[in-house]
Each structure stands twice: as structure tokens, then as C-alpha cells.
Amino acid sequence: MNLLPLPLVFIAGLLIGVVLNMLADDLPRRRALRLPHYPDNEPRPPLAWSGITAFLFDKRASSKGRKLSWRYPLTEIGTGLLFVIAVLASADDQQQSILRLIFWFYYLAALMLITVIDVEHRLILFVTIIPTGVVALLDALIEPMGPTLPDALIGGAVGFGVFFLLYRGGFLFVALSNQMRERKLNTVAFGYGDVMLMTVVGMMLGWQTLILAMFITVFVGAAGAICWLVWNAVAQRQYSWATPLPYGPYIVVAAIALLLFANEVGAVLLAR
């Protein structure tokens with residue numbers, strides 16, 4: 001396919017990032033969607049609707065001094081970069097269609113929103129999961145370059161089954177740990193939102209690619225946990241070995257890598 005103008009793609013990603021920030025502000029709190037606002041609910045002026053322009057033009061804080069976090073410009077820039085990477089990833093595939101790229105854009109935006117909410121609130125919301133699952137099934141029905149509908153359905157079933165077992169196993173681990181330790185645990189490593197996220201990823205990728213995605217998720221999650229431990233040690237912070245960490249971002253990393261670069265990732269791993 002012909003390469004889309006990258007500057008326009010990046011700008012489109014920035015604008016989508018503005019919408020994702022609005023959703024990330026209101027969806028976890030079950031509020032009606034509103035125009036961009038500051039943390040104290042003061043409406044932002046139009047120049048500050050974008051996190052980037054709010055930072056650039058000194059509109060980061062409300063009249064009461066409540067500041068926007070770095071999440072706002074980072075989400076916008078990250079979404080723009082992901083859109084550009086998606087276009088570049090499709091450039092060498094002559095059979096790639098613009099429809100496939102549109103599905104990619106939707107998946108990347110949805111995964112970015114899921115990541116932001118999970119990092120900030122330790123939640124993966126059904127209101128983000130269900131539409132993405134519906135789109136994944138639509139993708140399988142009408143887009144020939146993605147997984148077939150049977151592959152997508154099997155992928156969803158495999159993703160749900162494996163992670164549901166891990167989810168239930170987490171409760172067993174907590175129960176056993178609570179019997180052996182004085183300090184009681186009340187959290188599990190995997191939440192049900194992680195189960196549903198892996199279900200949707202299986203529908204997006206198909207069951208064959210999902211198997212690889214699950215292995216990558218485990219290794220990326222282990223690397224992330226090690227980095228977190230090292231960071232706490234260097235910063236001399238107190239922490240508990242049972243501190244819950246959001247697992248959704250690790251699933252998202254694996255999903256994006258295989259969504260855009262399945263052949264390349266598979267070739268690298270097989271070569272080893």
C-alpha cells in the first residue's frame with residue numbers, strides 16, 4: 001500500500017490522544033464524559049485541551065494551582081508515535097489494505113487507553129474491553145489479512161482459559177500464603193480485567209499468535225518486576241513483595257509487538 005503522510009498520521013494520533021485523555025479522566029470514575037478539565041474539575045481553556053499545548057503555553061495548572069500530570073502530553077505523543085509505527089510497519093506489505101490499517105489504529109488507541117487507566121487506577125474496564133472485542137470480531141469477519149473468525153474465536157477462548165486459570169490460581173496462592181504468614185494478603189497477581197484483556201488480545205491476534213503473545217507477556221512482566229525492584233532499591237523505598245503491580249501494560253506490549261510485527265518477532269525468536 002502507498003505510505004500515508006507521516007506528519008498527518010502523527011497529528012491524527014495526537015488528536016486521538018486528546019480524546020483518550022478525556023476518557024481516562026472520566027471512565028474510571030463512572031462520570032459522564034466532559035470536555036477536558038483540570039484535576040479539580042475546573043474546565044480547561046481550549047488552548048489547554050491538549051496536554052502538549054497546556055505544557056507549552058503555561059496552561060498546565062488551574063486557577064487553584066492543580067496541575068495536569070505528565071500523563072497528558074505523554075499519552076498524546078505516545079499515540080501519535082504508535083500510529084506512525086503502524087504505518088511504517090505496513091509499508092513493506094503490498095497486500096496491506098487501508099482497512100487493515102484502520103483496525104490497527106483502533107486497536108492501538110484502545111490499548112493505550114487500557115494501559116493509562118490500568119496504570120493509574122489498577123482497573124481494566126469492561127467499557128473498554130467489550131467494544132474492542134466487537135471490533136476484533138468484525139475485523140475477523142471482513143478483513144482478510146487478519147485472523148479468520150474461527151482463529152479469532154479460538155484465540156479468545158484460549159486467552160480466557162489460560163488466564164482464568166492463572167486468576168483462580170492467584171486466589172489459591174493468597175489463601176496458602178495467608179495461612180503461613182502473619183500479614184494477610186488481599187490481592188492477587190492477575191485481576192479479572194487481565195483475563196478479559198487477554199481474551200480480547202486472542203481475538204485480535206488469533207490463537208497461533210496468541211501463544212507467542214502469552215510467552216512474551218510472561219517474560220516482559222518478569223523484566224518489569226525486576227526493574228521495579230531495582231528502582232525501589234536504588235531509591236531506598238520501602239516495599240512489600242506482595243505489592244500488586246498492574247499487569248495489563250505487559251499484555252499490551254506483547255499485543256502491540258505481535259499485532260504490528262508478528263513475522264519479525266517470530267523470526268527472531270525462532271532464530272534463537
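Which residues form a nonpolar patch on the surface, and how much accessible area do they have together?

Author: This is a predicted model, in which local features need pLDDT of at least 70 and side-chain atom pairs count only at pLDDT 80 or more, while totals for chains, interfaces and linings use all residues. Residues are numbered from 1 along each chain as its sequence is written, and side-chain values use heavy atoms, with hydrogens and water left out.

The nonpolar patch on the surface is formed by Ile98, Leu99, Ile102, Leu138, Leu141 and Ile142, which together have about 540 Å² of accessible area (Shrake-Rupley method, 1.4 Å probe, with only the protein chains shown counting as cover for residues). Helices α4 (98-121) and α5 (126-142) each supply at least two of the patch residues, helices being DSSP runs of H or I with at least four residues, numbered from the N terminus. Leu99, one of the patch residues, lies in α4 and is partly exposed, with a relative accessible area of 32% (buried is under 20%, exposed over 50%, and partly exposed in between, with a 1.4 Å probe and protein chains only).

Arg71 forms a salt bridge with Glu120, the closest N and O atoms being 2.9 Å apart, where a salt bridge is a side-chain nitrogen of Lys or Arg within 4 Å of a carboxyl oxygen of Asp or Glu. Glu120 is partly exposed at 35% relative accessibility, whereas Arg71 is buried at 13%.

Arg71 has a further partner in Asp25, with the closest N and O atoms 2.8 Å apart in that salt bridge. The pair links distant parts of the chain, 46 residues apart, with Asp25 in helix α1 (residues 6-26) and Arg71 in helix α3 (residues 71-91). Asp25 counts as buried, at 5% relative accessibility, and Asp25, Arg71 and Glu120 are thus linked in a network of salt bridges.

Notes:
Patch = residues over 30% accessible without salt bridge, like charges linked within 9 Å, V, L, I, M, F, W, Y side chains within 5 Å.
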